[in-house]
Amino acid sequence: METALSKATQKRQVSFFAILLLLWAADSEAIRYSMPEETENGFLVANLAKDLRLRVEELATRGAQIHYKGNKELLQLDLKTGNLLLCEKLDREVLCGATELCVLHFQVLLENPVQFFQIDLQLTDINDHAPAFPDREMLLKIPENVQPGTAFPLKTAQDLDIGSNAVQNYTISPNLNFHVVTHSHGDGRKYPELVLDRALDAEEQPELSLTLTALDGGAPPRSGTTTVRIEVVDINDNAPQFVQPLYEVQVPENSPLDSLVVTVSARDLDAGTHGSVAYSLFQHDGASQPFVIDEITGEIRLKQALDFEVTRHYNIEIAATDGGGLSSKCNMAVQVVDVNDNSPELTIRTLTSSIPENALETVVAVFSVSDPDSGDNGKMVCSIQNDLPFLLKPTLKNFYTLVTDRPLDRESRAEYNITITVSDLGTPRLKTQHNITLQVSDVNDNAPAFSQASYTMYVPENNSPALHIGTVRATDSDSGANAQLTYSLLPPHDPHLALASLVSINADNGQLFALRALDYEALQAFEFRVGAADRGSPALSSQALVRVLVLDANDNAPFVLYPLQNASAPCTELLPRAAEPGYLLTKVVAVDRDSGQNAWLSFQLLKATEPGLFGVWPHNGEVRTARLLSERDAPRHRLLLLVKDNGEPPQSASVTLHVLLVDGFSQPYLPPPEVARQPAQPDALTLYLVIALASVSSLFLFSLLLFVALRLCRRTRPASLPGGSVPEGRFPGQLLDVSGAGTLSQNYQYEVYLAGSAETSEWIHPQMILLQSNSIYLGPADHPESQQEQRP
């Protein structure tokens, strides 16, 4: 796995390097300027805006900057005029040394959008240095037998200037014995030789002192002098001769001090003191001398550390002198070999600390890299972590831009720590790392999300206004104003639902409140939608469904459907004296508008004229005889029943039953005298009942006729049939099944027509009830046919 990752990294680095080379080749054309060295500060080099073909205003708006290696400010760009001005005096010898062509490379960076330009400034040499000899005095020992025409090498003068401003000629003070000849090296440097014009005589003149003058080619020329002291010695026939005239040596720059560079060797055919050779470093090229020679053995060793980035070549002349004063010289060319001893340098030019998450191909940073080493040691590759949504793009000559490669998502990652790694290609590789912390700023790209798609809330009926019924919650993964939510009620789909008068919502926290008391019997449930919107721009929103269920409270007492309790004349039940125990006298029918256990009804006999004669079933309201009737039992009975629900606290209603004992159903039922004497009172309810009967459909009339026919058929049966017998056949399909309300069992079906009075607040009274068990037809109390109906 690590090998694969390393190969991928190498491929990526090679790709970056290849792109860098292509871009460098494409942008190799640079704007070139030239000026003499030592020019005063503020010198106008050129109008950069004109040369770049830009308007002067663009330099400021696009953030133009001048960059030089090491961030040293040598040139200044005036953004108001576009002029390129000199910041300080430039010394060509300090900046470029002995290099013939002194060119300074600058970069012009435009930040918005990013664009690079190359500027080359060439410094021309002026004659600001005079020739100087390394020693104030040179000593020559010349045997007296040296023939005229013999040349003696002299040390050269050093001039930091170049070209025609360097040393061009040598002269010597007038004398009769010598003259100076000026020669040129292969690289154009001039060196002098002292030529003997007339034989010397040690006895006549053992010592001569001459002045050697070096002249450069400047206008006016500058000069430097040294004294040449000549000692005339006795005869020495042979001068030392070096084994080879040129020693070429390569020395790594990291060589330790006192390490052996090379050993030179010279031989002298003379004997004695004239044959002993002493070595010395005769001449060097003016740079700091990092070498030392053993004058006896000829070993040249390193006395100072070498630095390839400062000096890459050394040209040294080595002299071998015998005891008689004769000497010869050879050259040593030392080439300093570069080693990878400098890590790459990274300089950030422009840096952005925060970036929007929806930014595409946005420049995050602009930076430059450099490495003073050479060859592969100075070649560099840049890289970042592979798992980041960023890309490094090489631009102009070691400049890079760090740009976004794909969209960012602050909700997934709000901060990136980017490590830029710059590595050279030397052995071993050296690298430099720079860390950048980038914050991802939020964009409103996430809508609020409710914790639930739908909420169910329960409210007890008859609640107090402003009751807190529940809370809806939504979250937004954005931040700041983009995550600040506002809740609201959305218009309901049902136009008849007055939602604004039912509930309200707290816009800040989503709390829901009931605005008024709710009535379960009027409104059992309702639903609506709530919205959550953030405060971003543009704002995003979402919805959730809220269903409110009203919980029933026991706020309704049971209502008796049969027997009617508000009729103008009481309804009397007929009971044959021959009835057996358990005979079904009647059934009390009651309902409760509440639901659940609040509508579970139970029946109880509170009071009876004859205790123990009648009993009521507690769950279905059936009133039955508890024993056989006797002659002593009163002919009339009054029963008081209590109907009670199962709520907390329970509510109840009372029922009064009138029972008349008869010997048979053929005996007509006569109302009691007190009732017969009462004048008939007009009842408003009678009118409504008559209207209701008139509006019964033809299907209901057919069912009624069928029911009457069945009743007539049953009259032919003996009167001793049990009270609980069930007539044959089924009731019409139009009968309403209300077995699910209250405590009525599924054996009873009722067909009920309800009519109410607008002037009263009384419950709706039943017009007709059909009981499957005892087949009772109930009509208005003032209808004689209802009173004459006989029971089997």
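User: How many salt bridges does a search of the whole structure find?

Analyst: This is a predicted model, in which local features need pLDDT of at least 70 and side-chain atom pairs count only at pLDDT 80 or more, while totals for chains, interfaces and linings use all residues. Residues are numbered from 1 along each chain as its sequence is written, and side-chain values use heavy atoms, with hydrogens and water left out. With a salt bridge taken as a side-chain nitrogen of Lys or Arg within 4 Å of a carboxyl oxygen of Asp or Glu, the search of the whole structure finds 19 salt bridges.

User: How many residues apart in sequence are the parts that the salt bridge between Asp120 and Arg32 ties together?

Analyst: The closest N and O atoms of Asp120 and Arg32 are 3.5 Å apart. Buried means under 20% relative accessible area, exposed over 50%, and partly exposed in between, with a 1.4 Å probe and protein chains only; Asp120 is buried at 5%, whereas Arg32 is exposed at 60%. Strands are DSSP runs of E with at least two residues, numbered from the N terminus. Asp120 belongs to strand β7 (residues 114-124) and Arg32 to strand β1 (residues 31-36), so the parts that this pair ties together are separated in sequence by 88 residues.

User: What is the relative accessibility of Asp376, which meets Lys379 in a salt bridge?

Analyst: The side chains of Lys379 and Asp376 meet at 3.4 Å, N to O. Lys379 counts as partly exposed at 35% relative accessibility. Asp376 also counts as partly exposed, and its relative accessibility is 43%.

User: Which side chain of opposite charge is nearest to Asp592, and how far away is it?

Analyst: Asp592 is found in the loop between β44 (589-591) and β45 (601-608), and a polar atom of its side chain lies 2.9 Å from the backbone nitrogen of Asp594. Taking contact as heavy atoms within 4.5 Å, and leaving out residues up to four places away in sequence, Asp592 touches several residues, including Asn556, Pro558 and Asp645. Lys and Arg count as positive and Asp and Glu as negative, with His and the chain ends not counted. Asp592 is buried yet has no salt bridge, and the nearest side chain of opposite charge, at 7.5 Å, is that of Arg593.

User: What is the C-alpha to C-alpha distance between Ala320 and Tyr279?

Analyst: Ala320 lies in strand β22 (residues 313-322) and is buried, with a relative accessible area of 0%. Among the residues that Ala320 touches, not counting those up to four places away in sequence, are Pro240, Phe242, Tyr279 and Leu326. Although Ala320 and Tyr279 are 41 residues apart in sequence, their C-alpha to C-alpha distance is 4.6 Å.

User: Which residue in β38 is the bridge partner of Leu467?

Analyst: An open sheet of three strands runs in the order β34-β38-β37 with antiparallel pairing, where two strands pair if DSSP finds at least two bridges between them. Its edge strands, β34 (467-471) and β37 (503-505), each pair on one side only. β34 pairs with strand β38 (residues 511-514) in the antiparallel sense over four bridges. The bridge partner of Leu467 in β38 is Ala514.

Conventions. A polar contact is a pair of N or O atoms within 3.5 Å; within protein, one must be able to donate a hydrogen and the other to accept it, and residues adjacent in sequence count only if both atoms are side-chain atoms.
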